Amino acid sequence: MQQKIAVLGPGSWGTALAQVLAENGHDVRIWGHRAEQVAEINTKHTNQRYLPELKLATAIRAFTEMAEALADVDAILFVVPTKAIRSVAQEVVMKMTPNTKPVIIHASKGLEQKTHKRISEILLEEIPVEQRKAVVVLSGPSHAEEVANHDITTVTAASTNTEAAKYVQRLFMNDYFRIYTNPDVIGVEMGAALKNIIAIGTGAIHGLGFGDNAKAAIMTRGLAEISRLGVAMGANPLTFIGLSGVGDLIVTGTSVHSRNWRAGNLLGQGQKLPEVLENMGMVVEGVNTTQAAMELANSMGVEMPITQTIYEVLYEGKDIKKAAKEIMLRDGKVENEFSLTIF
């Protein structure tokens with residue numbers, strides 16, 4: 001059955017997901033604040049800045065006025081940067097059609113600065129229960145460019161509301177975009193957020209000129225850190241060996257499509273963080289997430305040496321070559337100590 005869906009955020013991922021929904025026969029409205037981008041989507045059916053090769057479905061309509069995009073929708077999909085989630089959610093509450101209760105979906109990946117809250121927590125705080133049916137997280141190993149090209153992709157719809165997760169599964173699933181459901185919202189969101197930190201590290205390793213051995217090491221030990229903090233927060237450890245754990249880490253930590261990997265690669269080549277962010281021209285979620293995760297880990301007494309090292313490089317100006325050497329010289333550890341604890 002056709003559903004009315006508002007997609008908030010016409011970046012690469014929001015655009016790719018809007019295309020999936022439109023191709024599945026849904027009424028899709030995409031909201032953005034740049035008038036020229038909205039006009040381009042409506043008249044040329046392209047989004048050159050983010051997905052230049054994609055011809056958008058003519059059924060996708062774009063709006064700068066949020067109330068028009070939200071009119072009588074069945075679902076709202078947030079695909080804006082983490083730092084904008086709270087303010088956009090507050091605007092949604094004001095602009096939503098009265099007496100509607102849409103399913104709230106988000107496909108963003110990060111932790112809020114200072115509060116260290118997950119995105120679903122922010123949405124639950126800001127959107128009153130009488131204005132929503134449920135909150136569902138859409139996450140997993142996925143590059144917008146490849147989804148737009150109909151490459152085979154599998155992701156997770158996570159919610160404590162099983163029916164809402166199945167609803168999102170039905171909305172998106174087709175012959176190239178497969179959805180699994182998962183009740184572990186904490187694990188899915190933490191895996192999604194923290195893998196961006198490790199992807200900066202794998203990019204840096206590449207930029208420094210190290211090979212596959214080093215990349216495998218940082219990804220494997222990085223997954224241990226992700227799991228350690230996630231489990232301390234109440235996540236199911238098995239989530240981290242699934243799509244939103246190791247799956248998302250692989251795709252983000254190995255690909256030139258990944259902004260976090262590219263940022264790390266530039267850092268490894270000797271560029272400073274302000275220069276890297278200027279050259280990227282788009283949000284690199286892993287940078288802010290590194291700070292939030294480090295503060296959160298410290299407050300919970302969770303050891304995260306790779307995250308600590310990346311934090312020191314990003315925020316304390318530590319020499320990246322020296323940082324790589326120092327982490328190798330840490331005291332010896334037992335590899336399976338943590339895995340025996342959680343599995």
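Rings of Phe, Tyr and Trp (its six-membered ring) pair if their centres lie within 6.5 Å; planes under 30 degrees apart count as stacked, over 60 as edge-to-face and the rest as tilted. This is a predicted model, where local features need pLDDT of at least 70 and side-chain atom pairs count only at pLDDT 80 or more, while totals for chains, interfaces and linings use all residues. Residues are numbered from 1 along each chain as its sequence is written, and side-chain values use heavy atoms, without hydrogens and water.

**Exercise 1.** Count the aromatic pairs and classify Phe 172 with Phe 177.

*Solution.* The rule gives 2 aromatic pairs. Take Phe 172 and Phe 177: the ring centres are 6.1 Å apart and the planes stand at 50 degrees, so this pair is tilted. Next, check burial (buried: under 20% relative accessible area; exposed: over 50%; partly exposed in between; 1.4 Å probe, protein chains only). Phe 172 is buried at 0%. Phe 177 is buried, also with a relative accessible area of 0%.

**Exercise 2.** Describe how helix H8 packs against helix H14.

*Solution.* Helices are DSSP runs (H or I, at least four residues), numbered from the N terminus. Axes are lines fitted to C-alpha atoms over the stretch in contact, and angles run from 0 to 180 degrees between N-to-C directions. H8 spans residues 185–207 and H14 spans 305–315; their axes come within 10 Å and cross at roughly 70 degrees. That makes the two roughly perpendicular (65 to 115 degrees; under 35 is roughly parallel, over 145 roughly antiparallel, the rest oblique). The crossing is left-handed (near helix turned anticlockwise from the far one by less than a right angle; clockwise is right-handed). Contact means heavy atoms within 4.5 Å. H8 brings Ile 197, Ile 198, Ile 200 and Gly 201; H14 brings Ile 306, Thr 307, Ile 310 and Leu 314.

**Exercise 3.** Describe how H8 packs against helix H11.

*Solution.* H11 covers residues 259–268. Its axis lies 6 Å from that of H8, at about 40 degrees. The two helices are therefore oblique. The crossing is right-handed. Among the H8 residues in contact are Asn 196, Ala 199 and His 206; those of H11 include Trp 261 and Leu 267.
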